[in-house]
Amino acid sequence: MAQVLFQQLFGKSSVAYLVLEKWEQKLPSVTYANPAACAFLDTKEDKLLGKQLFSVFGNLPAEQEEKLKGCFDDLGNGLIAVNTQNRKILLGVSEIAGGAWSCALRDLSNCSRRQEINENPRQKALERALEAATAASQAKSSFLSQMSHDIRTPMNAIIGMTEIALRHENDPVRVKDCLQKIKSASGHMMQLINEVLDMSRIESGKIVLEEEEMDLADFLHGLMAVIRPQADEKGLKVHLEIGKLCSERMKADELRLRQICMNLLSNAVKFTPEGGSVTVWMQVEGRAEKGRFSFRVSDTGPGMSREFMDRLFQPYERERSMTVNKIQGSGLGLSIVKSLTELMGGSVEAESEPGQGASFLVRIPVQLLEEDVEKFSRALQGAAVLVLEPDSGRLAGLVSALDQYGIKWDHAACGNDAVDLLNEAAFSGKDYFALLTAEEIPDIEITQLLPEIRRRMGIDFPMVMMSEHDWSQMEYILKRSGVSEFFPLPVFASRLLALLYSFTEEGKIEIEEKNRPVRRSYQNRRLLLVEDNALNCEIATEILSVSGIQIDTAENGLKAVERFQGMPENYYDLILMDIQMPVMDGLEAARRIRALERKDAGSVPIVAMTANAFVEDVQDSLKAGMDAHISKPLDADQVLHCLDQWAGGD
Amino acid sequence: MKIYQKKYLENLRKTARISEYGNDRYKDFDDFLTDRSRRQDLLLQYSRENTGLLRDNLMPLLDDILSASEEDIRELTEFSGALMGDHKDTVLQYYISYAVVTYARKYGKRDLLIRELYQTGMSLYYLESMMRRVNLSRYCWKMRMMFGEAASFIRIYDEIEDTETRGYIHRAMGNLALTYSVLNQDGLHKKMAAIRNSLEILNDPVYQEKTPSLPWDIYIYKSHQERTAALGGLRENCGNLQFVREVMESAQYIHASQLEASRMRGEPMQPQWQYAYEAAQYHCGIFSLSDLMHALEGIYTGISPKDFSQQGMFANVFLPGVYASYMAKEPDFLQSKKSVLTYMYSRLIQYMKSAPNDRNQERLFFYLLSTVMTFVEYPGGIQLKDLAMELIAARGPLTYIHSGMTARLAKLMAEEAVEKIPETLVGIAGTGNIEEVRLKKEDICSQAYNSGFLHDVGVLNFLSLVTLTGRQWMEEERLLFQFHTSAGKKILAQSQSTKLYAAVAEGHHKWYDGTGGYPDLYVRPEGPEAILTDLVSIADKLDGMTDDKALHLRKAVSLDDAVEKICREAGTRYAPHFAALLGPLRPRLQKILEEGRREAYAEIYRMTADQD
């Protein structure tokens with residue numbers, strides 16, 4: 001049947017075609033050859049029929065023949081190159097039915113431009129279509145084989161780890177370790193699967209865009225929250241640059257937009273080697289319906305070859321070096337970016353050269369929304385802020401936001417300048433409404449300067465620390481320094497305005513407790529406060545009571561030791577110990593507690609309470625077995641931090 | 001004052017007296033040594049006593065300053081006032097004043113707040129002066145916060161009834177000028193502006209009428225005095241025409257009142273103000289540089305080389321530095337005035353040797369270090385190295401002993417290293433291989449000796465912390481003292497003859513592997529500096545641990561224990577190849593520790609005897 005069909009279809013084709021069929025386990029044999037194929041192979045059809053595929057090319061070296069056979073078995077569809085004695089022949093193999101293939105032959109060795117021009121245009125088009133089809137088909141196949149590897153790898157981990165966990169079910173540490181690895185492997189697999197599914201949905205035109213109002217600040221911070229930890233892990237620097245922002249609110253399919261940007265970002269992080277950097281630039285221009293959102297990600301990675309750039313947005317394509325460098329991924333990311341961007345009516349451009357990094361820019365038309373900031377600007381009218389920011393780039397972003405809403409500002413590039421400005425303001429009667437400060441300044445430790453400003457300016461003076469980093473790590477230290485709020489960079493004018501508004505009288509009334517971070521619960525924690533001064537004891541109990549922590553007190557060291565001894569093991573989570581007390585001092589009490597014969601004697605955290613200590617006293621308290629010292633008068637934050645640090649909240 | 005406060009002050013007085021070292025006469029060397037031990041025992045005793053007094057009485061009060069009674073606060077301020085005056089326990093005074101500031105803020109006691117802000121600012125000023133002498137800074141911004149806040153009460157001047165408090169406001173405003181260094185344009189600019197602002201208010205008849213009983217003339221005079229300090233900035237070309245005019249105005253103001261005063265006393269004009277007047281005229285363009293040099297020579301020669309008064313000190317110690325820096329403005333002068341400067345330097349050395357060890361030390365150091373910072377070296381002339389060595393010997397006898405000992409020990413180790421491990425010394429004295437190391441043994445050992453001798457030159461700047469504190473150090477003092485390394489570097493980096501040793505002075509407390517010690521930002525250099533630093537770190541420790549009559553009050557340990565401790569920390573804190581030399585060297589080390597140290601003390605003894 002196949003011969004008849006092919007005689008009709010390809011009998012007059014100038015392209016050489018063979019039809020191959022496979023019997024049992026052997027290599028497929030020729031069952032049809034068109035005249036062009038006979039001419040190509042310089043023989044008659046009957047000499048070709050029944051011959052196994054590779055023997056039609058004459059005597060190939062045994063080694064090559066073996067390799068080609070292997071190739072054909074693996075492939076089924078695709079391109080195979082055959083080197084005969086005098087020619088290089090490309091075979092385009094496609095399965096046309098179960099056990100039957102068509103095979104187009106092409107001589108690559110004499111392929112010249114003139115030949116192509118002489119070819120019949122229709123034939124040329126057909127041939128190109130065929131080549132594209134076979135190439136796509138080959139890409140899909142190699143993709144599938146790669147994917148099956150990519151999916152199998154995490155799957156192996158999941159199965160293997162599950163088995164290990166089952167074998168060690170009585171060892172919680174081991175089980176937890178296994179579960180963590182399973183979690184990470186399945187997360188990775190989920191991402192692969194999602195991408196494949198997304199691509200197939202895109203390919204089949206099943207995606208419908210859902211436009212909704214979105215806030216650019218939230219959007220960008222959301223992206224950064226995911227990407228920064230990944231970048232940090234690889235030691236990459238992430239620079240954020242904000243271009244013109246005509247509005248910070250717009251209407252778009254946020255989910256898909258996030259997918260586009262996230263794909264670009266994670267590619268950049270994935271391909272940039274350790275110590276490199278990724279620069280993100282975002283801009284929103286235009287008005288109302290005619291807005292345009294631009295997002296560019298540039299990296300210092302290895303870049304891409306020109307050849308690969310041509311195929312960059314094709315699905316399933318991956319740069320060879322990617323597999324060489326063992327970078328995992330489906331190869332779908334960029335085609336998803338391209339498809340989604342185009343679906344939104346936008347465009348994506350890539351720029352790269354090998355060794356020069358890569359840069360991707362998407363531009364998407366969006367609808368910009370009006371921002372309601374009048375209330376804020378009204379409340380802040382006439383307010384002046386002191387800006388302490390050594391970095392001129394960050395300063396520019398900040399002051400343009402302040403200028404936008406008519407908020408006055410003075411700039412200090414270092415701590416000493418800030419002090420001068422504070423003094424000048426005090427002389428001239430100008431009251432700063434707030435201080436906006438960088439987290440690091442060149443001349444003074446910020447943790448020394450801020451408390452001093454706080455003391456001088458009073459408890460209500462807003463001091464805002466601006467940071468690009470995840471500040472949860474340093475939150476305690478900086479809160480202790482008197483910082484009122486943190487402000488994530490880059491600056492979004494409306495955000496800054498809203499924050500400053502929250503410090504105005506109007507704003508304070510409006511801002512509900514809900515915006516404040518929820519404190520951890522200390523209800524099941526117990527603290528032993530050893531303090532001889534009854535008033536101090538009362539103050540401490542009072543300030544700590546809001547946290548829910550249970551407080552026992554002892555009025556001297558001896559009482560403390562007795563109290564500790566009288567309670568079951570691990571009863572107390574923290575002991576706060578005054579140093580100088582009648583009957584028995586804190587040092588002796590700490591030593592005695594440490595010397596007790598019970599499990600928690602060595603482990604219960606003991607923190608000394610004294611601010612003014614000689615060098616030797618600090619050493620003595622450590623020698624006596626105490627873990628740290630904190631200053632008096634006690635402050636709830638400080639004690640709770642101690643608890644977090646030494647005993648952990650719930 | 002409370003009894004413990006009085007007792008503390010009494011002990012502080014005794015400590016100061018015992019530390020005034022070198023003014024007593026002894027029967028013989030043994031008598032000197034016995035006295036040395038006796039003093040050391042007494043110092044230790046007072047230090048323990050004072051530490052205990054504070055720990056038992058003051059610290060609990062400062063810890064709970066908000067529950068202090070008014071009586072407590074009154075006594076505290078009296079105590080801190082005494083610490084600021086003759087007794088000078090600046091850091092303690094700072095802690096107390098700062099605590100009282102907290103108290104005053106909390107309870108809205110405005111007069112107290114203003115006064116204590118001022119006092120806190122002053123204590124910081126004294127600490128900053130110590131840093132400034134060696135071109136460092138640490139307390140400026142905080143000082144400015146304190147004075148600035150106190151001065152800002154000028155806005156509610158009328159609400160403040162207490163005259164004394166109003167005085168503190170004016171003084172704080174004037175003292176804001178103290179917080180700027182004149183040696184850079186920005187600082188000079190701000191300093192001049194601060195003085196301008198302050199003078200404007202001081203000269204305002206409205207304020208003078210509001211508080212007629214304040215010593216306005218003194219305030220104004222002091223502000224003009226402070227403005228002449230800008231001459232340092234003008235010399236460094238940081239000024240502009242307005243500044244020159246203002247400095248001239250102030251110099252004339254001071255000159256006129258000095259002229260009046262000296263006429264009344266029948267004495268010549270004080271050299272400090274004479275110099276300010278002449279220099280201001282030069283900067284105004286009235287005088288040529290040559291006229292100014294001539295005038296400076298005149299002022300200098302008019303003062304006796306044995307005048308140890310403040311003004312004598314100014315002329316003998318500070319003027320040579322000023323002279324050198326004006327000289328540097330005109331290359332011709334460097335040659336034509338060479339003999340004058342050389343004469344000034346040699347007179348300076350003599351002056352240092354015979355200046356008494358008293359409370360003027362701080363001023364002497366201020367002048368001395370400023371002269372060191374502009375030191376001009378001539379080939380074959382007086383070298384900074386020699387001056388620094390003389391300086392150590394004359395001004396810090398105990399540093400001298402330690403320096404001499406460290407030098408001897410470092411030299412011995414270098415000798416041994418040339419024999420046993422010459423490869424570790426390649427690079428010193430320009431050597432490129434083992435053979436050259438052996439050939440240049442003498443040069444190498446001499447560099448090791450000099451490194452040891454000069455490594456603690458920066459300590460001189462912080463000597464009062466060690467000799468006068470009279471109690472255990474507080475954290476701030478420990479941190480402050482650590483700057484002796486950076487100070488040493490600043491001093492030694494000035495001149496060709498000492499450049500090599502700057503890195504040793506800076507790095508001798510930093511661990512070999514960089515994981516500990518100070519300064520934090522110190523980066524270990526490559527080459528000969530690193531090798532010399534490694535040798536000196538060990539030698540320094542070895543002497544420090546085995547001497548109990550030395551600068552720091554601590555118990556000495558035996559040589560064996562010291563060597564064992566160093567070897568235990570070889571590889572981390574100390575260079576392991578040099579630490580390994582110590583074991584076999586033990587007998588010779590012992591000899592140096594016994595005989596060498598006795599010899600070093602004997603030198604000091606001879607020097608004290610020579611002063612007669």
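Biologist: What should I keep in mind before I start?

Modeller: The model is predicted, so to speak of local features we need pLDDT of at least 70, and side-chain atom pairs count only at pLDDT 80 or more, while totals for chains, interfaces and linings use all residues. Residues are numbered from 1 along each chain as its sequence is written, chains are lettered from A and ligands numbered from 1 in the order in which they are written, and side-chain values use heavy atoms, with hydrogens and water left out.

Biologist: Happy with that. How many residues does the contact take from chain A and from chain B?

Modeller: Contact means heavy atoms within 4.5 Å. Here 32 residues come from chain A and 36 residues from chain B.

Biologist: And what area do chain A and chain B bury between them?

Modeller: The size of an interface is often given as the accessible area lost when the parts come together. Buried area is that loss with a 1.4 Å probe, summed over both parts. For chain A and chain B the figure is about 2900 Å², with 53% of it on carbon and sulfur atoms.

Biologist: How many salt bridges are there between chain A and chain B?

Modeller: A salt bridge needs a side-chain nitrogen of Lys or Arg within 4 Å of a carboxyl oxygen of Asp or Glu. Four are counted between chain A and chain B. One salt bridge to look at joins Lys142(B) with Glu452(A), at 3.5 Å from N to O.

Biologist: Which helices of chain A supply at least two residues each to the side that touches chain B?

Modeller: Helices (H or I, at least four residues) and strands (E, at least two) are DSSP runs, numbered from the N terminus. On the side of chain A that touches chain B, α15 (415-428), α16 (446-457), α20 (534-545) and α23 (615-623) each supply at least two residues. The largest share, nine residues, belongs to α15(A).

Biologist: Let's turn to single residues. Is Asp578(A) buried or exposed?

Modeller: Buried means under 20% relative accessible area, exposed over 50%, and partly exposed in between (1.4 Å probe, protein chains only). Asp578(A) is buried, at 7%, and sits in strand β20 (residues 574-578) of chain A. An unreviewed UniProt entry places "modified residue: 4-aspartylphosphate" at Asp578(A); UniProt positions are given in the numbering used here, feature names are shortened, and annotations may be inferred rather than shown by experiment.

Biologist: What about Arg408(B), and which residues is Arg408(B) in contact with?

Modeller: Arg408(B) is in helix α20 (residues 397-420) of chain B and is buried, with a relative accessible area of 16%. Leaving aside neighbours within four places in sequence, the contacts of Arg408(B) include Tyr449(B), Ile592(B) and Glu599(B).

Biologist: How do I read a salt bridge within one chain, such as Arg568(B) with Glu564(B)?

Modeller: Check the spacing along the helix too. The closest N and O atoms of Arg568(B) and Glu564(B) are 2.9 Å apart. Because Arg568(B) and Glu564(B) are four residues apart in helix α28 (residues 559-568) of chain B, about one helical turn separates them. Arg568(B) is exposed, at 58%, whereas Glu564(B) is partly exposed, at 45%.

Biologist: Which residues do salt bridges that share partners join into one network?

Modeller: Glu213(A), Asp215(A), Asp218(A), Arg249(A) and Arg495(A). For a pair to compare, Glu389(A) and Arg394(A) meet in a salt bridge at 3.3 Å, N to O; Glu389(A) is buried, at 2%, and Arg394(A) is partly exposed, at 33%.

Conventions: Buried area = accessible area lost by both parts, 1.4 Å probe.
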